[in-house]
Amino acid sequence: PPPPPPPPPPPPPPPPVQSTLWDGLAPALLAVLVCWLLPALLYVRFAREGTATSTGAGSAARAGAGRHRGVLYGSLSSFLSVTAMAVMFPFMQVRRDALGCDALCQGGQTSLRSALTLVGAAVIGRASDRVGRVPMLWVGTAASLASIVISLSSDSLTGMWLAVVPAALLNQNFSVCKALFSDYIDEAGGTDADKAGAVGKLGMAVGFSFMVGPILASALISDYRRALLLSAAITAASSVFLLLLPTPSRLSRQQRGGGGGGGSSSAGLTGFLSLPVLKLRGAQLLMLVRLKMALAFHMFAPVWQVSIRARFDFGPRDHAQFMGLVGLTYALSQGFIAKPLVRSFGDKVSRLLLLCILVLGGARPVALYTQSVGVVYACYVPMVIALGVMNTAITTAASRLAQKEQLGGFYGVMESVENVAGMVGPALGGLLARVDGFPATLAAVVCFYAAAFVLVALFFSTHVSGAAAAEAAAAEAA
């Protein structure tokens, strides 16, 4: 019999639905409306109350406060310490693969590191208030060396887990250095702009170290063990600058005649755990703003990585170039932009924070939906500058609220708040993206930025700037 006729060809697929230009731009335009236009109207209303003034004049001693030699030595020590950590970055994934550390293992180590840092930031920060800043810097350096020794002596997955503990728990040198620099500037009679400059130098040192470390590793070494040895050598070199650090006076503002900051501390364990500055409305406001900003940042991160890969097919080289630009911009914003901006806004720091939030919240939707790599870079440069300036301004504001014997603990609690956001934010952002795609995550990010904007606009001047000004007036009267 003749063969059966071939089956008819399948029907052609339906033509793809051509989305209109409005469909593609609507989410970005709506987000810009919420992030830029509405807050901008509020900002103009607040700006009419007065113009920003510069704190301007000061004595010769104040002019030189930002050039304290302790700030230089502390920044150099932090640069070497973070560079020592960064030289291991290019070899970490190869090491995990060799030991059979899968995605669940890597996620577990990240969670462990975040949890330990959450506890260590508060405890070490408070210990720096009671024992001293410089001794806690030595503790952090010794903890980093201990982690390296564990990694060198153990060629197993258990050793990799154990190596996480000392550095994550005890090395809180970044927040301790911020408190130490604030002590130096206070001793020299410096201004808030000088504090912003000192913290900016520290941030610039850390930003450059994240760029130098991987470059140094790729040029000098080729395997994980040599990376550990190089890291140990650089960590030991960083301790040389710790030897040169001057010890600040232990006189607090209250002991010099100032007020505020939450009262004196009692001795013993109760005094160690007590942190009266946390009862101040201004301190609570700073922690809440930092939490909302950090949640917005960490929720956006997983969506951003997927989006930039899908739109532009970013490979390792593209990511390296992009992160290099981000690191360089952040470092320069901390070192050269933050201090002049803080000085120019004077006692109207809330307006500077509002501008930073506008840039951060408004540029993210455009960067997420644009089809141009150039627009992405054009959005991220001002975003990173705004992030660096805002972090410096918040750190400076925190130093005005807390007494010297509470400042390290307060900085540690602020770091712990950020770690909470780092633990919760990526999972929450990914979950929202799975439920309703990118718009759901972007909407949540926008809401957090809007909430931070409202909090700063309504309460910062009263509870942070106002409280600090009242404390300064009381100290001057005394």
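Here are some questions and answers about cavities, rings and one serine in a predicted model.

The model is predicted: local features need pLDDT of at least 70, side-chain atom pairs count only at pLDDT 80 or more, and totals for chains, interfaces and linings use all residues. Residues are numbered from 1 along each chain as its sequence is written, and side-chain values use heavy atoms, with hydrogens and water left out.

Q: Why is the F300 and W304 pair called stacked?
A: Phe, Tyr and Trp rings (the six-membered one for Trp) pair if their centres lie within 6.5 Å, and planes under 30 degrees apart count as stacked, over 60 as edge-to-face and the rest as tilted. F300 and W304 come in at 5.9 Å centre to centre with 20 degrees between the planes, so they pass both cut-offs and the pair is stacked. By this rule the count comes to 3 aromatic pairs, and ring pairs link F300, W304 and Y380 into a cluster.

Q: What makes F300 and W304 separated by about one helical turn?
A: They sit 4 residues apart in helix α12 (residues 281-312), so about one turn separates them. Helices here are DSSP runs of H or I, at least four residues, numbered from the N terminus.

Q: How do you know whether F300 is buried or exposed?
A: Buried means under 20% relative accessible area, exposed over 50%, and partly exposed in between, using a 1.4 Å probe and protein chains only. F300 has 2%, so it's buried. W304, at 4%, counts as buried too.

Q: Why does S239 count as buried?
A: Its relative accessibility is 15%, so S239 falls on the buried side. S239 is in helix α10 (residues 224-244) and touches W138 and T141, not counting residues up to four places away in sequence; contact means heavy atoms within 4.5 Å.

Q: What lines the largest cavity?
A: There are 11 lining residues, and D192, V349, T396, A397 and R400 lie nearest its centre. Lining residues have an atom within 4 Å of a cavity point, and a cavity is a set of points on a 1 Å grid over the protein atoms alone where a 1.4 Å probe fits but cannot get out. Helices α15 (373-401) and α16 (404-477) each supply at least two residues of that lining.

Note on methods:
On a 1 Å grid over the protein atoms alone, a cavity is a set of points where a 1.4 Å probe fits but cannot get out, and a pocket is an open set with protein on both sides within 12 Å along at least five of seven lines; lining residues have an atom within 4 Å of a point.
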